[in-house]
Amino acid sequence: MGRLVVTEYISVDGVVEGPSGSEQFARTGWADRFSRGPEGDQFKVDETMAADAQLLGRVTYELFAASWPQFEGEFADAFNGMPKYVVSSTLNDPEWKNTTVLTGNLVEEVTRLKGQYERDILVHGSPQLAQALIEHDLVDALHLLVYPIIVGAGKRLFDGTSETKRLRLASTRTVGDDVHLLIYERAV
């Protein structure tokens, strides 16, 4: 059975919105001020190479679909080629290769996906989706790259769960410009 891994760039104050790119957020690009360094970059490569599929929210999917197909190389080929599942009630005709839109019950769809794959299913960004997955106890691991910045506004990853969610710190290290890589697993 596959593991569902939420991977996020997150500020010290918990913001995950607009770390980089062209998102419509006044403080977009806050993570761009820092380097992850070679170790942090390698972690992101290894994380993707250890995955069988991606699960994305519509907004993150649209940002990725607009840029990733243009890239070439081993990493880009793996990223573009792996199956992508998008949770959306409005996306009808996805254009990015190997994309399937999930419109059914989130818990049932994700449980089916976890049973379908052996390795990780990565959730990049997608804060609204990540919050729903956390709420329904579907997340097996959180990969948090914590950037040393207070953004002060924006969507936060942990917001409004119905109960506490206990985690176990599996590993931690500092990479690049004091970016902390925290890997949490669900405590059982």
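This is a predicted model: local features need pLDDT of at least 70, side-chain atom pairs count only at pLDDT 80 or more; totals for chains, interfaces and linings use all residues.

Me: OK, and is H124 buried or exposed?

Reply: The number to look at is relative accessible area, and buried means under 20%. H124 comes out at 9%, so this residue counts as buried.

Me: Which residues does H124 touch, if I skip the ones up to four places away in sequence?

Reply: Skipping those close neighbours shows you what the fold brings together. For H124 the list is T7, E47, T48, Q54, L55, L56, T60, F64 and F79.

Me: Let's move on to cores. What should I have in mind when I look for one?

Reply: The general idea is that in soluble globular proteins, nonpolar side chains tend to be buried together. In this model the largest nonpolar core has 25 residues, and L4, L55 and L133 touch the most other members.

Me: Which elements give two or more residues to this core?

Reply: They are β1 (4-11), β2 (51-57), α4 (106-116), β5 (120-124), α5 (127-135) and β6 (141-147). The largest share, 4 residues, comes from α5.

Me: Can we zoom in on one member? What does L133 touch?

Reply: Leaving out residues up to four places away in sequence, L133 touches L4, L55, L106, V110, V123, L138 and V139. There's also another core lying apart from the largest one, with 13 residues, including V15, F43, L145 and V175.

Me: Which polar partners does K114 have?

Reply: Look for N or O atoms within 3.5 Å. The side chains of K114 and D140 are joined by a polar contact of 2.9 Å. A polar atom of the K114 side chain also lies 3.0 Å from the backbone oxygen of L138.

Me: And what does K114 touch overall, again leaving out residues up to four places away?

Reply: K114 touches M1, G2, L4, I121, L138, D140 and R186. Take L4 as a case of sequence versus space: K114 and L4 are 110 residues apart in sequence, and their C-alpha atoms are 7.1 Å apart.

Me: What about E109?

Reply: E109 lies in helix α4 and is buried, with a relative accessible area of 18%. The E109 side chain reaches the backbone nitrogen of G104 at 3.4 Å. Leaving aside neighbours within four places in sequence, E109 is in contact with L102, T103 and G104.

Me: How do I read a pocket?

Reply: Ask how much space there is, then what lines it. The largest pocket holds about 1300 Å³ of space. Its lining has 46 residues, and T60, L63, F64, H124 and G125 lie nearest the centre.

Me: How much space lies in the second largest pocket, and what lines it?

Reply: About 210 Å³ of space lies there. The lining has 16 residues, with I134, D137, K165, R166 and L167 nearest the centre. β8 (179-186) gives the most, with 3 residues. By class the lining is 8 nonpolar, 2 polar and 6 charged.

Me: One last thing: where do I see positive phi in residues other than glycine?

Reply: Look at two aspartates. D137 has phi near 55 degrees and sits in the loop between α5 and β6. At 36% relative accessibility, D137 counts as partly exposed. D178 has phi of about 60 degrees, and you'll find D178 in the loop between β7 (167-175) and β8.

How values were computed. Residues are numbered from 1 along each chain as its sequence is written. Side-chain values use heavy atoms; hydrogens and water are left out. A nonpolar core is a set of buried Ala, Val, Leu, Ile, Met, Phe, Trp, Tyr and Cys residues joined through side-chain atoms within 4.5 Å. Buried means under 20% relative accessible area, exposed over 50%, partly exposed in between (1.4 Å probe, protein chains only). Contact means heavy atoms within 4.5 Å. On a 1 Å grid over the protein atoms alone, a cavity is a set of points where a 1.4 Å probe fits but cannot get out, and a pocket is an open set with protein on both sides within 12 Å along at least five of seven lines; lining residues have an atom within 4 Å of a point. Grid points are joined across faces, edges and corners, and a volume is the space filled by probe spheres set on the points. Ala, Val, Leu, Ile, Met, Phe, Trp, Tyr, Cys and Pro count as nonpolar, Asp, Glu, Lys and Arg as charged, and the others, Gly among them, as polar. A polar contact is a pair of N or O atoms within 3.5 Å; within protein, one must be able to donate a hydrogen and the other to accept it, and residues adjacent in sequence count only if both atoms are side-chain atoms.
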